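Here are a few exercises to work through with the model open beside you. Try each task before you read its solution.

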Amino acid sequence: MKSVVWGMRHWLKTNQGIGVALCLLSGSLLLYLYLAPWASREMRDGFTLGFFPILGTTAMLACALVIVVDVYRNDVEGGVELGRPSDILIVVAFLAACYVFFLASLEIGFLLAAPVFLFASMQWLGLRPWPLAAGVAVAMSILIYAGFTALGIQLPSGPLPF
Amino acid sequence: MFQPDALIEALSLVFTVQTLMWLVFGVAVGVGLGAIPGLTASTSVALMLPLTFALDTAGALGLLIGLYKGAVFGGSISAISFATPGAPDSAATVYDGYALTRQGKGRKAILASLYSSTTADTLSDILVIFVAPAMAIIALNFGPTERFWLMVLAITLLGALSGKHLAKGMLSAAIGLYLGTIGQDPVGNVSRNTFGQSWLQDGIHLVPLVIGIFAMSRMLEQGLDLTRRSPGVQYAAEMVRGAFAKGTSTLSFREYRSILPQIGIGFGVGSIVGMLPGLGATVASFLTYGLAKRFFPSKRIGEGSIHGVAAAEAGNNATVGPTLVPLLAFGIPGSATAALIGGALILQGVTPSPRMFELYPEVVYSLFAILILGNVVNLGVGRFFGFFYARLGQLPPQMLVPLIMLMAVIGAYAARNDPYDVLMMLGLGCLGFCMRRFGVPEAPLVITFLVAPLMEQNMRRALLINRGDWADALFGSPLAIGLFGLAVLMVVLSLKMNVGDRLASVGRESK
Amino acid sequence: MKTPHNGIFVGMLGAGAMAAVMALGGTGAQAGEDFPTESLAWVLPFGAGGGSDRWVRVMATGAEDAFGVSWRVENRPGAGATAGWQHVLEQEADGYTVFFASPTPVLTLLQEADHAIDPEDIEIVGFVSAFRSILVTKEDRFPDWDSFLEATQEEPLVLGGTISLLMGVANILDQAGAEAIYVPYDSTGEAVTDFLGDHIDAAAVTGSTAMTIVPDEAVAIINTSDIALSEEALEQMGEVPEAEQRGFEGMSFPRWVGVHPDTPQDRADRLGELLGDLMAHEGVTSTLERMGEEIIYVPRDEARERYSDLVARMRASLELLE
């Protein structure tokens, strides 16, 4: 039983396993496009509105199918081999941090948001000692802001008077 | 045609302290701006255009041409040092350039980029000076049909850029093809493939795509590595000191000589692509990169080879001069940057038109002189910046990763001021990360994303023009048939050279 | 889909660009009016650096003088230039949020049948400029409008240009009972290149583009708009027949200014007056002229009428292009 589970988990990491997942993804996209009402609308040169998107999706599906069956199907890609499920959480955390920084800079201005973002992420990635990280975060934010301003590009300034 | 008096007058206008100063200023600012992600050459020129109000014609041209050349080169600096292409046309430089930086050879890569940029740029400028009118006539022969086949030629290079596992390369190409169809139908101008989201109506913009796929994806990967590292704490002070104390690599004359073939390809491809409207430097650099990879498998392009850097950078800089050809020959700008330079000339009272050579020969000759001089200045300024940036690239990753992520966010936003571009960049960064993990190369995606919409557009235009007759639309001219033949030849050649197997020994795209 | 100005000689002047405007003076805000008392937001549905951006930023340099208050320029691009429009509709209808646009967002709305916004969801304050669609041909093939019309009636000829400029031509050809094959291009520059290379029979271009190729490479056979060409243009291009002279109702594409449709009439009227003052402001007009831009100011009442007319006409012409 244990070995079956291990086998399943290993298979999911092979090119074949991921290929099957990609087939499902692109297949559902294809189905969605095929059923979308706009896709069948005909343009004046005879092509339907959905022709080229469907072409792209079909190509994706075809490639995914080849990945499932070709000679490399049992290989496990290095990046996948090393991957852990929690990687996804970390990546999402990074992306969310970036987006929060962006929204914050629109609200409270770049000069307040950027040092916080830089300092927090430098700490998270393990930059020590912290006073150095704080100094770099503040200095870099001011430098970037000043540089952009000098070039005539206004970064979001928020409530600060400058 | 040639007017010696006007040439002498032009030289006396160009070789003044003021003009030369503006040229140096333009190149320096251009390199700096170009290195900032999201700020492309045309944005840089647009930003500085108001300064030309107060300048004379030679000074204005010095500033703008300097900016243009500097910015196109500048994009490569950040591509090499931080894996963050300053502009889409430097995306192909990331592969080899960043790999070299990680080997501690960042300065070598920047110098290779600088020398290949300026060499190819100078060659294409000379070509423009001597054969601008003839080049313009060649360009006119490229209608929708011919442009379609040119795009097909670009597509035949996908195999070379796909790496060992062809299916994954093609998957990447298919994703690019699909992403390129989001937005509007080129004939009916109605939205398609937008999932009912109005913010997708304008399609996916190239700047967030390139920043996301190339820069963000790599930063996510590095950030992940850093969080996994135990004990996870790095004392940064000595690393910062280390970055600025280490001896740096340089580029020998022998190495420069060895990259000449790639520069040659870049010169040829860049010149042709540059003078055709609507294609641009990004297409040129990927095409050159693909060709170099195909024809020089022994150079291990993609794994940190100066030959790869040289190809990509020669390709994009060689478009600079030729972009101005349609402007000089017909008064019609072939790109946004050419339009801006044309706009600046209008402000100076010189309207670009076919009669420009006749009416304002001194302006045309000044422009030519500045084109050549700009390369010399670029060489000097570039060396300084290259030195500085190469060292920045050696800073501790715990410092660089957050900084580059921040620059990616503001770069994606600054390009159009559209908040959705930031979301798109982050989403594409995630896609790029997954692709890297699964060993799917990025280059085919960018190529089809750029080329497939152009191919579709030109094919459908050709069909409309030929009233739906496929034979006429595809093979309506000798040039079209010639290009078709070339495409077939490319396919046959790659099958014969068995490139797949050769590349198998070379390995996949570098990490 | 771009306005023709995006295609050719886009004077992309970025933020802070207008520092060059120095000449000040002109009319101050009239006393006795209590609107506007605070700064206005000028919403632009395009990113910084385009033709419209340049316009609004130059206009902003005279704002204090003409309006008595300053302007904030807000770039809100996206969604085929309708994201900015949507934003205006979401603001209070107090006249403090002004929308500055070209035909591009109208075009998007007309193309999307089920769009949440109707092109009439706006109170027009005035027009500040406009572009015309000029049809150019090669002299050896079609030396004048009549020969062109005759040929395209026999067998539809191939015309290229940006969507809006093609609409201008389609509007005229439709009235003449003739057909053509309309090939859309992203920019006027690309269309002209294909035209010069003889890949298409004729091109629809803006007045300023026409001036670069006429009379050396091409001949301008008709001005399809309802606005005469400038004297400077006519001097260079020679005589260009106007749509009206040929018995057609022409159409031109304005840069227009509007506010929320529920804005009180007196406030919209007041904005219209102030806009008129601004377009006569010496500093603003001289800068625009230096940049090769043409001021074609249409006051509020006339602009409102022309706007409704334009929407109807664009709708009809678009059907010919779909």
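**Exercise 1: Domains of chain A**

The C-alpha centres of domain 1 of chain A and domain 2 of chain A lie 36 Å apart. This is a predicted model, in which local features need pLDDT of at least 70 and side-chain atom pairs count only at pLDDT 80 or more, while totals for chains, interfaces and linings use all residues. Residues are numbered from 1 along each chain as its sequence is written, chains are lettered from A and ligands numbered from 1 in the order in which they are written, and side-chain values use heavy atoms, leaving out hydrogens and water.

Task: find the bounds of the two domains of chain A.

Solution: Domain 1 covers 2-82 and domain 2 covers 85-150. Such bounds come from an automatic or database domain assignment.

**Exercise 2: Where chain B meets chain A**

Task: describe the contact between chain B and chain A.

Solution, step by step:

1. Start with the residues: chain B brings 66 and chain A brings 62, with contact meaning heavy atoms within 4.5 Å.
2. Next, the area: about 5800 Å² is buried between the two chains, with 79% of that from carbon and sulfur atoms. Buried area is the accessible area (1.4 Å probe) that two parts lose on being put together, summed over both.
3. Now look for salt bridges (a side-chain nitrogen of Lys or Arg within 4 Å of a carboxyl oxygen of Asp or Glu). There are four between chain B and chain A. One of them pairs B:Arg437 with A:Asp87, whose closest N and O atoms are 3.5 Å apart.
4. Finally, ask which helix gives the largest share of chain B's side. That's helix 21 (residues 397-416), with eleven residues; helices here are DSSP runs (H or I, at least four residues), numbered from the N terminus.

**Exercise 3: Inside chain C**

Task: work out how domain 1 and domain 2 of chain C sit against each other.

Solution, step by step:

1. Count the contacts: 19 residues of domain 1 touch 22 residues of domain 2.
2. C:Arg306 forms a salt bridge with C:Asp226, with the closest N and O atoms 3.5 Å apart.

Key. Helix = DSSP H or I, 4+ residues; strand = E, 2+ residues; numbered from the N terminus.
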